[in-house]
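Colleague: Before I set anything up on this chain, could we go through its architecture together, step by step?

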Amino acid sequence: MSTPAKAALEEARSRHLAGELDLAEQGYRAILADEPEHGEALHLLGLVRQQLGDHDGAVELLTRAVAARPAVSIYRCNLAVALRSRGEMGRSEACLRQAIELDPELAQAHYHLGGSRLVGGDLAAAEQAFRQAVALSPELKEAHYNLGISLQRQGRAEEALAAYRDALAIDPRYAKALLNLANQLHRLERWDEALAAYQRLADVKPDSAEAAHMTAALSGVTTSGCPAAYVRALFDDCAAGYDARLVGELGYEAPQRLRELICSAAADTPSFARAVDLGCGTGLMGKQLRPICDQLIGVDLSPAMIEQARKTGRYDTLEVADLVSHLVAATEPYDLIVAADVLSYWGDLTDCFEAVARCCAPGSWFAFTIEASADDDVVLTRSGRYRHHRRAIDKLAARTGFTLVAERTGSFRREGEEAVAGQLFLHEWGR
Ligand SMILES: C[S@@+](CC[C@H](N)C(=O)[O-])C[C@H]1O[C@@H](n2cnc3c(N)ncnc32)[C@H](O)[C@@H]1O
């Protein structure tokens, strides 16, 4: 390579490092105009295209870089990343193996191999690859963080905490590691440590919905409701394992109990022309409602929960939306509106009841559950969920036009080992 070409490459590379992607691209393209198969220029231009979200362009350029210099392991590693962005998991993994064969000490390749195993659900193999990556490059904070995830998913809580702490020792402002550390401490009911971690996260990322909400919950401050971004992140994260955890581990049975309540209040077998399942989640309530509804609509804030609900085939329509927005936009009334274990993500229920009332015709039913507060009208608990007192529910229901038809008191889920006091209500509108 000539001296001017070397200087041009260095100049483009320094633009690239400074984040000036357009100028970097111009520089790499100028080199390729003279020498179309210049390996390093192809490689670096491929990285620019990848950073710009042009995965097809990145794959094409990185494939050419590998062809130009087949012995360079990092080219194969970066090609693997671009292939993964296109969803080509098999080819990506093959590329990573070739990169490791060429250079067994390439930490990045072990790290990305761990990533593809994590996505594929092979947690033990992911752990092994991340361990290899941190052994080769102890400063690779992302490898510690992902090692933490692979351990957490294997139920190895203490080791996961240690891995998140290792990532934070490298970068104390690493927000993703702080969030996982805080959530894991919260799950272990180490309240003070969890609070400290959420507070650190709030410091690093002032717009973090999780940090704001959980700091309030662990400090005994009752806010008006969970931020939508918090709810979405919480349920997107747990959607895949939701049914197993709620039904299998936490003894969740609100859907069955709500259906019993509805059936007990109906003269004959109930039948509804148009029903909506608010906060439908994965569709557990839909399973109970489907046999008694002609048209069933599901609404949820979490796209991943809606995806699970879609797979069940229980709903005629599914929508990713905030439930109040959905109700406010509805053009036809519902004759049954259901919210199973959803209102516990709301503090002040005024907007919710007003929006439900807006979608009722005389005789419409509203069936829902609450977690019961012993004293206060509403209280945000350390779990991050709200409890409501029935006197507050009675008052709000009366003010928005509802009359109580039936109710039941009793727990419908546990929290850890403890049964959570709950209440189920069935109200009729416009009587
Ligand atoms: C505990 S899950 C219950 C899911 C389902 N109803 C069941 O019985 O399995 C709570 C659900 O409510 C949803 N949710 C919470 N707040 C919401 C809101 N404002 N609008 C729409 N969905 C909401 C969450 O995304 C989550 O899927």
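Colleague: At what angle do helix H11 and helix H12 pack, and are they roughly parallel or roughly antiparallel to each other?

Modeller: Bearing in mind that this is a predicted model, helix H11 (residues 175–187) and helix H12 (residues 191–204) have their axes 8 Å apart and pack at an angle of about 160°. In passing H12, H11 makes a left-handed crossing. Angles over 145 degrees count as roughly antiparallel, and the relation of H11 to H12 is therefore roughly antiparallel.

Colleague: How do the axes of helix H8 and helix H9 cross, and what is the handedness where H8 passes H9?

Modeller: The axes of helix H8 (residues 123–136) and helix H9 (residues 141–153) come within 9 Å and cross at roughly 155°, so that H8 and H9 are roughly antiparallel to each other. As for the handedness, the crossing in which H8 passes H9 is left-handed.

Colleague: Are helix H1 and helix H3 roughly parallel or roughly antiparallel to each other?

Modeller: Helix H1 (residues 3–17) and helix H3 (residues 39–51) have axes that come within 12 Å and cross at roughly 20°, and H1 passes H3 in a left-handed crossing. Angles under 35 degrees count as roughly parallel, and H1 and H3 are therefore roughly parallel.

Colleague: Which domains does the assignment give, and what distance separates their centres?

Modeller: The domain assignment of the chain gives domain 1, covering 3–165, and domain 2, covering 239–429. Taken over C-alpha atoms, the centres of domain 1 and domain 2 are separated by 46 Å.

Colleague: Why is one side of strand E3 and of strand E8 left without a neighbour in the sheet?

Modeller: The open sheet has seven strands with mixed pairing, in the order E3-E2-E1-E4-E5-E11-E8. Strand E3 (317–320) and strand E8 (402–409) stand at the edges, so one side of each lacks a neighbour because each has a single partner strand. From one strand to the next, the twist averages 15°.

Colleague: In which sense do strand E1 and strand E4 pair, and what is the bridge partner of Ala275 in E4?

Modeller: Strand E1 (residues 272–278) pairs with strand E4 (residues 334–339) in the parallel sense, over three bridges. Within E4, the bridge partner of Ala275 is Leu336.

Colleague: What surrounds the ligand, and how does the shell divide by class?

Modeller: The ligand is surrounded by 20 residues, of which the closest are Gly279, Gly281, Leu284, Leu323 and Ala340. Helix H14 (228–238), helix H16 (254–265), helix H17 (284–289) and strand E2 (293–300) each supply at least two residues of this shell. By class, the shell around the ligand comprises 14 nonpolar, three polar and three charged residues.

Definitions and conventions:
Residues are numbered from 1 along each chain as its sequence is written. This is a predicted model: local features need pLDDT of at least 70, side-chain atom pairs count only at pLDDT 80 or more; totals for chains, interfaces and linings use all residues. Two strands pair if DSSP finds at least two bridges between them. Helices (H or I, at least four residues) and strands (E, at least two) are DSSP runs, numbered from the N terminus. Axes are lines fitted to C-alpha atoms, for helices over the stretch in contact, and angles run from 0 to 180 degrees between N-to-C directions. A residue is near a molecule or strand if its C-beta atom, placed from the backbone, lies within 6 Å of it. Ala, Val, Leu, Ile, Met, Phe, Trp, Tyr, Cys and Pro count as nonpolar, Asp, Glu, Lys and Arg as charged, and the others, Gly among them, as polar. Domain bounds come from an automatic or database domain assignment. Angles under 35 degrees count as roughly parallel, over 145 as roughly antiparallel, 65 to 115 as roughly perpendicular and the rest as oblique. A crossing is left-handed if the near helix is turned anticlockwise from the far one by less than a right angle, and right-handed if clockwise.
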